[in-house]
Amino acid sequence: MGIDIKEVYKIAHLARLELSENEGITYSAELSKILDYFSMLNEVETSQIPPTFHPLTWDTPFREDEVKPFADREEILKNAPELWEGMFVVPKVVKAPQGS
Amino acid sequence: MSTYSFDVNELTIAKAFNLLEEGKVTSYELAQALLERIKKLDPKIKAFLYVNEEWTLSQAKEADEKRKNGERGRLLGIPLSIKDNILIKGHPTTCASKILQNYLAPYDAYVITKLKKEGAIFLGKTNLDEFAMGSSTENSGFFPTKNPWDLERVPGGSSGGSAAATVCRMGLGSLGSDTGGSIRQPASFCGVVGMKPTYGLVSRFGLVAFASSLDQIGPFGLTVEDTALLLEVIAGHDTYDSTSAKVDMPSFTQRLKEGKKVKFKIGVPKEYLLDGLHPEVEQNFKEMLSLLIKLGHQVKEISLPHTKYAVAVYYIIAPAEAASNLARYDGVKYGLRVEGRNLLEMYKKSRAHGFGREVKRRIMLGTYALSAGYYEAFYLKASKVRTLIKQDFLEAFKEVDLLVTPVSPTPPFKLGEKTADPLQMYLSDIFTIPVNLAGLPGLSLPSGYTQTGLPLGLQIIGAHFKDDLVLTLAYQLEKALSLTNIPPLIKEV
């Protein structure tokens, strides 16, 4: 089962990764080979088998919904690439209004 | 040669602890000796990403003060190393990734809180494959670690730094994480004990997530006793990890001593004796089976019929979970940011520059396996086969107490040997992966050496929450084998 370069770029976009042309070619070849290997799973009959998403299952643990202040807010914010007044700054996501 | 009253190569946690308690050595001296060793040896081995002498010595001083004041702690004054995907407050956690190069941990991982409570001190953070994705430490975003038994070979991975540091006595033990063999395989390649506990036994709070249904934190030790002690300290229920189990665990160290003569029913999965098993691995494994019989255990062949699908299942599920977990690295809240013309471009450029090749490969693989049109064929299918793999083990444990297998199909391989072919690298985890898929406890015990002096390991697998039985058998075998694990390289230090 192959995965062509066009599809590699589609996946890269979904995963929010910029790819160079060379990377596109390499990943197409490598991923195709890996996907080929995965095809062995098709020989296993699983129509009656439930999936396992966690190796051990227990009831979802509940707790009281209490506020516990984190002591070191500054320590967390210190790791941010860009801050303004305690907020994370990102490139502008709204367009300027028409005619302005 | 060192000028200390103790021989560093002879130290274990248990021995160092006795020396400290008897007042024959201080934690400060111990820390100094190990830091000196790191300075001399680590330029060759490259096990550490971060060492902070001042920090270590001040912790040691504090431990000595506490001891003088009559305070107790099961690891009081014992220097350890920690894999660099586990958070220690105020110090870097990089996951060996450029994307986290400047990240400072704002809080302690649960396991670190537990170690601190018992008085352990930290020498530094150890190297790994970026985000724990790899089997050789060659995927580190900074540099590969070398195998202390042969510098041309890999120490295994992903916790290669922790395993190499431990056998070099650059720290008397370590913590790593194991998603598909990342503790057991490097332990085997470096000749130390490494254990992946039952899923849920140790909280992952403060462990950087890779694949959440598979990740477990576990200890490396120079002996089974040290490993049991570290596990005993870090295990326990934590409300900050929703998968943390509420089970009463026995004292592992006590169980070892009580279980010296216990006889087990031990299963050998016939599917693990596959073609392509290295002859020296096979020979060593057969010797281990003879030894088990000699010790009075019952050994019988069992079958785990879905074994051959484990690698395929794992390399669908783990990348799928990783693709989701690693979505958080977007250049906004922490980590590397590369500017772009808009938000989307900033995301894409930050991630493209911050992540290394293997991490990107797995994110792509996982995104593909979860994407519309492929979810059922890949992710859901793999999750169903996972059920069958788990059932195989549950069936086997109706007949036997424990299973034994080799840890890796080959002895430590050469640097660069498998980097060109990702699939070959993936297949080197074939014996350790099924254990994570099923959530079982597994331990790697040093079991001998190849003719050229490379370490080999035996994997002991137990049923869920039978971590104590795994350790008990390991302890019996360790006593019977009485191997020394001092790489020639460190004898001259």
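Begin by selecting chain A and colouring it by burial: of its 100 residues, buried ones make up 15%. Keep in mind throughout that this is a predicted model, and that chain A averages a pLDDT of 90, with 97% of the residues scoring at least 70.

With chain A still selected, turn to its overall dimensions, where its C-alpha atoms fill a box of roughly 55 × 50 × 30 Å along the principal axes. A compact globule of 100 residues would have a radius of gyration near 13 Å, whereas chain A has 23 Å.

Next, switch to a cartoon view and follow chain A from its N terminus, along which the elements run α-α-α-β-β, that is, three helices and two strands. If you colour by confidence, look at helix H1 (residues 5–14) of chain A, where confidence is highest in the chain at a mean of 96, and then at helix H3 (residues 73–77) of chain A, where it is lowest, at 90.

Now show chain B as well and select the residues at the contact between the two chains, which takes 39 residues from chain A and 52 residues from chain B. On the side of chain A that touches chain B, H1, helix H2 (21–38) and H3 each supply at least two residues, and H2(A) gives the most, with seven. Coloured by class, this side of chain A shows 27 nonpolar, four polar and eight charged residues.

From the contact, move on to the largest nonpolar core, which has 161 residues. To find your way in it, select B:Val111, B:Val313, B:Ile316, B:Ile460 and B:Ala474, the residues with the most contacts inside this core. Helix H10 (residues 310–325) of chain B gives the most to the core, with twelve residues. In soluble globular proteins, nonpolar side chains tend to be buried together.

Select H10(B) on its own next, and note that the helix is mostly covered, since 14 of its 16 residues are buried.

For the last stop, centre the view on B:Ile460 and ask which residues it is in contact with, leaving aside its neighbours within four places in sequence. They are B:Leu402 and B:Val404, then B:Gly442, B:Leu443 and B:Leu445, and finally B:Val470, B:Leu473 and B:Ala474.

Terms used. Residues numbered from 1 in each chain as written. Chains lettered and ligands numbered in written order. Predicted model: local features only at pLDDT ≥ 70, side-chain atom pairs only at ≥ 80, totals over all residues. pLDDT = per-residue confidence, 0-100. Helix = DSSP H or I, 4+ residues; strand = E, 2+ residues; numbered from the N terminus. Core = buried A, V, L, I, M, F, W, Y, C linked by C-beta atoms within 7 Å. Buried ≥ 20, exposed ≤ 12 C-beta atoms within 10 Å, placed from the backbone. Contact = placed C-beta atoms within 7 Å. Nonpolar A, V, L, I, M, F, W, Y, C, P; charged D, E, K, R; others polar. Rg over C-alpha atoms; globule rule 2.2 N^0.38 Å.
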